[in-house]
Amino acid sequence: AIANKNFRYAIRLNYLRSLKILSDKEIIYWKIDKTNREFLREIKLNNLKSKFEKITTDFESIWYGGFEIDQTAYLQLQNYYSDFNSTLEATQK
């Protein structure tokens with residue numbers, strides 16, 4: 001996606017990866033028909049919840065709102081995902 005400069009799709013893939021890690025760590029219980037807000041309500045750790053809320057808001061604006069982003073904006077958002085995923089990796093089940 002990045003090589004093709006499809007930064008919207010790259011953000012979607014980053015978001016899905018974060019959901020996968022949350023599910024693998026049993027912080028959320030993934031189900032296809034759940035909304036992002038339902039996943040957010042399942043997160044009990046405040047530091048994770050606030051970071052997930054940030055990436056969720058950005059993801060929804062970009063993916064569902066149809067906002068195009070350029071490489072600079074993508075790289076900035078990628079930093080948020082890296083920070084969130086690092087926090088997730090350090091979190092115990």
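A surface patch here is a group of residues that each have over 30% relative accessible area and no salt bridge, with nonpolar side chains joined within 5 Å. With that in hand, welcome to this predicted model, where Y9, L13 and L16 make a nonpolar surface patch of about 250 Å². The structure also holds five salt bridges, and three of them are walked through below.

**The nonpolar patch**
- L16, one of the patch residues, sits in helix α1, which covers residues 7-24.
- The relative accessible area of L16 is 39%, so this leucine counts as partly exposed.

**Salt bridge K34–E42**
- K34 pairs with E42 in a salt bridge whose closest N and O atoms are 2.3 Å apart.
- K34 itself is partly exposed, at a relative accessible area of 23%.

**Salt bridge E60–R37**
- Between E60 and R37 there is a salt bridge, with 2.8 Å separating the closest N and O atoms.
- This pair links distant parts of the chain, 23 residues apart: E60 lies in helix α3 (residues 46-63) and R37 in helix α2 (residues 36-42).
- E60 is partly exposed at 22% relative accessibility, and R37 is partly exposed with a relative accessible area of 29%.

**Salt bridge K51–D83**
- K51 and D83 form a salt bridge in which the closest N and O atoms are 3.0 Å apart.
- Here too, distant parts of the chain are linked: K51 belongs to helix α3 and D83 to helix α4 (residues 71-90), 32 residues apart.
- K51 counts as partly exposed at 25% relative accessibility, while D83 is partly exposed with a relative accessible area of 38%.

Note on methods. Residues numbered from 1 in each chain as written. Predicted model: local features only at pLDDT ≥ 70, side-chain atom pairs only at ≥ 80, totals over all residues. Heavy atoms only, no water. Patch = residues over 30% accessible without salt bridge, like charges linked within 9 Å, V, L, I, M, F, W, Y side chains within 5 Å. Areas by Shrake-Rupley, 256 points an atom, 1.4 Å probe, with all protein chains shown as cover. Salt bridge = Lys/Arg side-chain N within 4 Å of Asp/Glu carboxyl O. Helix = DSSP H or I, 4+ residues; strand = E, 2+ residues; numbered from the N terminus. Buried < 20%, exposed > 50% of the residue type's maximum accessible area, 1.4 Å probe, protein only.
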